[in-house]
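Hi,

Here is the structure I promised to pass on.

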Amino acid sequence: MVNFIPMKVIPFKIPRSSEEGIRVQIDELPYLYNHLHQHPEIQLTLIQKSRGTLIAGDYVGRFSEGDVFVIGSNQPHVFRNDAVYFKKRLSAKAITIFFDEFSMGKHFWALNEMKSIIPFFHHSQGGYRINGRKQIQLIENLQHIATAEGIDKLKYFLSLLQLLSTKKEMKALSRIIIQRPIKDVDGNRLNKVLEYTFLNNKEEINLTEIAGVANMTVESFCKYFKTRTGKTYIHFLQEIRVTNSCTLLLQDDKPISTICYESGFANLSNFNRVFKKITGKTPKEYRGVI
């Protein structure tokens, strides 16, 4: 069993000067910020160099170089790098823009010219993964805005907003729910569960064991986890294992049966069934088509 460090769901306060209308953050670190956290600002992130698992609301899935995501206001999320990032001297790079209805001032969003972007604010709580040509255009704009100053920075920001004003090539991540700040006690407990799962998902984890991590009875834990995440813990664990197996299927030529056991599944038939339920493909189809 691996030791783990308890973490809270951190209510982030995005630093922004009173004279700054657009907050741009450039990360270049051994690994991305790995604490589950939330903030009232909408987040637009380009992964330039990094791989791992994104948890955003009830979404669990892979992220890698070139991915562009929208994280909704107060949506609990974490870009958790793969285990190798915490063991070796690797590099993770990302460009992120934070904005909300207070960016540029309230009167800015009341302008007739800005009406087309208002629905995006109302519908983005669940977050998005950006695809297709829009993804390419957003990447270009994010790379430009990372180094732009003055009116050029505003120009690229307006271009980003225009691209986000339509849902074309934007795939919803999570269910749209009213996101409220998570209390410290809930955040600390949930992060213990997530951290333990990330570190031990290749081993057998039963409900008694994980409920003990949360310091709860099995019955109370199952109800707690379903209420906070919208899914059972067993389904969440299966999603983590499947996302890990997807990486192995694409990066390794090991037999599927070997990947099954290395991903934490007890037998091949269960692996095939769960994998197809979550991805819509069998492991063989995924390896051959993706």
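One thing before the details: this is a predicted model.

E65 has 34% relative accessibility, so E65 counts as partly exposed. Its partner is R51, and the two form a salt bridge in which the closest N and O atoms are 3.2 Å apart. R51 sits in the loop between β4 and β5 (52–56), while E65 sits in the loop between β6 (59–63) and β7, so this pair ties together parts that are 14 residues apart in sequence. As for R51, its relative accessibility is 32%, so R51 is partly exposed too.

Now for a pair with a different setting. R62 and D82 also meet through their side chains in a salt bridge, at 2.7 Å from N to O. This one links distant parts of the chain, with R62 in strand β6 and D82 in the loop between β8 (77–81) and β9, 20 residues apart. Are R62 and D82 buried or exposed? Both are buried.

K231 and E239 make another salt bridge, 2.6 Å from N to O, and both of these residues are buried as well. Altogether the count comes to 9 salt bridges. As a general point, side chains of opposite charge can pair when their charged atoms come close.

On to the nonpolar side. In soluble globular proteins, nonpolar side chains tend to be buried together. Here the largest nonpolar core has 31 residues, and the members that touch the most others are I97, F99, F120, L142, I145 and L164. Which elements each supply at least two residues of this core? They are the strands β4 (42–49), β7 (68–71), β9 (92–99) and β10 (128–130), plus the helices α1 (106–110), α2 (118–123), α3 (132–145) and α4 (150–164). The largest share, 6 residues, comes from α4.

Leaving aside neighbours within four places in sequence, I145 is in contact with I22, V24, I97, K153, Y156, F157 and L160. Apart from this core lies another one, of 22 residues, including I55, Y196, F198 and F221.

That's what I have so far.

Cheers

How values were computed
Residues are numbered from 1 along each chain as its sequence is written. This is a predicted model: local features need pLDDT of at least 70, side-chain atom pairs count only at pLDDT 80 or more; totals for chains, interfaces and linings use all residues. Side-chain values use heavy atoms; hydrogens and water are left out. A nonpolar core is a set of buried Ala, Val, Leu, Ile, Met, Phe, Trp, Tyr and Cys residues joined through side-chain atoms within 4.5 Å. Buried means under 20% relative accessible area, exposed over 50%, partly exposed in between (1.4 Å probe, protein chains only). Helices (H or I, at least four residues) and strands (E, at least two) are DSSP runs, numbered from the N terminus. Contact means heavy atoms within 4.5 Å. A salt bridge is a side-chain nitrogen of Lys or Arg within 4 Å of a carboxyl oxygen of Asp or Glu.
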